[in-house]
Amino acid sequence: MEETASNLEGREINQLADLPLMKEAEPLAAMRILSSVTAFAYQTIPQTFLLIILKQMNLSLKHGNSSLSAFTYITYGLILCGIINNIESGYKFGELAKKIVSKSPSQEVTVKVLETFNHLIRPWKEHIKDTLNSFLKVYSVAQKTGNLEFAGYSLYGYSYTAYLSGKELAELKLKITSHSSSLKQMKQENAFQWYQMCLQTVSNLSDIFVNTFTLIGEAYNEEEMLAFHIDKNDIMGLLFIYFFKLHLCYLFGHFSEALKNSEIAKQYLHAGIGNVIYAQFYFYDSLTCLGLYPQVSDPERKDFLERIAANQEKIKHWSNHAPMNFLHKFNLVEAEKYNVLEKKIKAMEFYDLAIAGAKENKYIHEEALANELAAKFYLKWDKLRIAKAYLNDAYYGYLRWGAKTKVKDLQKRYPQ
């Protein structure tokens, strides 16, 4: 990283588009070989992924731009966004890569650049909903040009981004089911399984299941597939499994199970460099700790508060760059924190900020969650009329999201 930063010193990012063409045979061959394994390394050996990108960066800076340098710049941008936390520079490298491919006849590199930009850079500066149509456009181009690998990445990127953005679940289920057979025919096995995990999670929420927090159903069976992901060293797949289980366990109040899944997911977080699931993990990890807070000992409470403070520092940083995606999450965790610390006025303020932010940015599922947690707060203080208003908003929010199982859960918990 230091060597790369040194080689970049004194150069404006947008000026890298004007570097001379790479002509020497050896660096051209190195760029071609390294580019061919970049995506696979990202999924399975992130440390090697970093070295691959930095090597390509320094080859380009020393020998000039090859036809593959745009993909190098976009992946360097995701390193800046996802590891170095320099989101502004990372986004500029994304824009640089898009500028270069806009003048290039190579659809293969264009597809790689646009998929990576939508997937791993845009969410740190723009609303994640704005990436959804772009994912489907890239999928269409990738399929037509025979780039089945990135066609697969575009589809799975669409599926979980749509899910995390709060897209209506019945509509989402139809959309991703319609693409499932295409993904299978392309024989992109890893991307297909990640896709199916998301489909199963959507099914768990939109259909009435007995066991809502295990990924076992028509689309995916975690008990059968776990060995597959471990055998293939598919650490991204393992991250997805345990993140989706963390989310489901938390939503249905199984906080101890949620914490177990969070601890396992944390072991695979390095597979999520630049991925918006990385931020979602810290959000639900904090909420899980706060859900368990009243039940644990004083030393555990101290550990939880330190953990939450570290998580909040990250989410606050991201919310400074993309408030539309992250600020309401930060505010909801703050509300729950002040709730357990019995600072009522602060809690009330942050619940309302979280609800307003989620509503403004159309995160209907997180607006519903914020209303539910606010209702529980007011119930705890015997403010029944106020609690009822928030709970009704939560109920209708979950209905709009299409989460039938969660609606049933609320009916069961609060029959009155």
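**View 1. Lysine 362 is an exposed residue, with a relative accessible area of 54%.** Exposed means over 50% relative accessible area, buried means under 20%, and partly exposed lies in between (1.4 Å probe, protein chains only). This is a predicted model, in which local features need pLDDT of at least 70 and side-chain atom pairs count only at pLDDT 80 or more, while totals for chains, interfaces and linings use all residues. Residues are numbered from 1 along each chain as its sequence is written, and side-chain values use heavy atoms, with hydrogens and water left out. Lysine 362 sits in the loop between α17 (344-360) and α18 (364-380), where helices are DSSP runs (H or I, at least four residues) numbered from the N terminus. Leaving aside residues up to four places away in sequence, lysine 362 touches Lys129 and Ser165, contact being heavy atoms within 4.5 Å.

**View 2. Helix α11 (residues 222-231) and helix α12 (residues 235-251) have axes that come within 9 Å and cross at roughly 145°.** The axes are lines fitted to C-alpha atoms over the stretch in contact, and angles run from 0 to 180 degrees between N-to-C directions. From α11 the contact involves Glu222, Leu226, His229 and Ile230, and from α12 it involves Gly237, Leu238, Ile241, Tyr242 and Lys245.

**View 3. Isoleucine 84 belongs to helix α4 (residues 69-84).** Because its relative accessibility is 41%, isoleucine 84 counts as partly exposed.

Definitions and conventions: Helices (H or I, at least four residues) and strands (E, at least two) are DSSP runs, numbered from the N terminus.
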